[in-house]
Amino acid sequence: MILAGSGKEPFLFDAFHAELLGCLAAVKSAAHLGLHRIILETDASLVKTALEGDEYRLSALGGIVTELRLLLMSEFVDARVEVCPRSCNKVADALVAFGCKYPSDDPITWETVPRFVEDLVTRDLAESNEY
């Protein structure tokens, strides 16, 4: 993890919409940082399905799906989308919770990893090494 961010979005259709916007923000940030390889992890298998197929092309969220797909293809040498179970995605859940409680509507980004995120990543790594 190089950069973390969180924020509120006042007008959403559903959780899929929120997940797509979060993925889009992450991919744009990675491209802005000049990264060449990216693994986009999501706990929403629908995101992976939408990015790999054409089923959502004409949906209300088709523009976001298309923009995300084009960014992944044009900005990175290697880009993958992986589905990660929610139990393995504690960092994302913590960032969402932080963004929902944040008093301002401005997006939040950190140049260094916040301490609460660092603690969660450390705990996740320790737990994965137990198996």
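View 1. Glutamate 118 counts as partly exposed, at 36% relative accessibility. Partly exposed lies between buried (under 20% relative accessible area) and exposed (over 50%), with a 1.4 Å probe and protein chains only. The model is predicted: local features need pLDDT of at least 70, side-chain atom pairs count only at pLDDT 80 or more, and totals for chains, interfaces and linings use all residues. Residues are numbered from 1 along each chain as its sequence is written, and side-chain values use heavy atoms, with hydrogens and water left out. Glutamate 118 meets arginine 115 in a salt bridge, 3.0 Å from N to O. The term requires a side-chain nitrogen of Lys or Arg within 4 Å of a carboxyl oxygen of Asp or Glu. Both residues sit in helix H5 (residues 115-129), three residues apart, about one turn of the helix. Helices (H or I, at least four residues) and strands (E, at least two) are DSSP runs, numbered from the N terminus. Arginine 115 is exposed, with a relative accessible area of 56%. A network of salt bridges links Arg115, Glu118 and Asp119.

**View 2. The salt bridge between glutamate 67 and lysine 28**. A search of the whole structure finds five salt bridges. In this one, the closest N and O atoms are 3.3 Å apart. The pair links distant parts of the chain: glutamate 67 belongs to helix H3 (residues 62-75) and lysine 28 to helix H1 (residues 15-32), 39 residues apart. Glutamate 67 is partly exposed at 32% relative accessibility. Lysine 28 is partly exposed too, at 41%.

View 3. Glutamate 52 is exposed, at 58% relative accessible area. Lysine 48 is partly exposed, at 23%.

**View 4. The largest nonpolar core**. This core has 20 residues. A nonpolar core is a set of buried Ala, Val, Leu, Ile, Met, Phe, Trp, Tyr and Cys residues joined through side-chain atoms within 4.5 Å. Leu20, Val27, Val47, Leu51, Leu68 and Leu72 have the most contacts inside it. H1, strand E2 (37-42), H2 and H3 each give two or more residues. H1 supplies the largest share, six residues.

**View 5. Contacts of leucine 72**. Neighbours within four places in sequence are left aside. Leucine 72 is in contact (heavy atoms within 4.5 Å) with Val27, Ile38, Leu51, Ala79 and Val81. A second, separate core of five residues includes Val91, Leu95, Val117 and Leu120.
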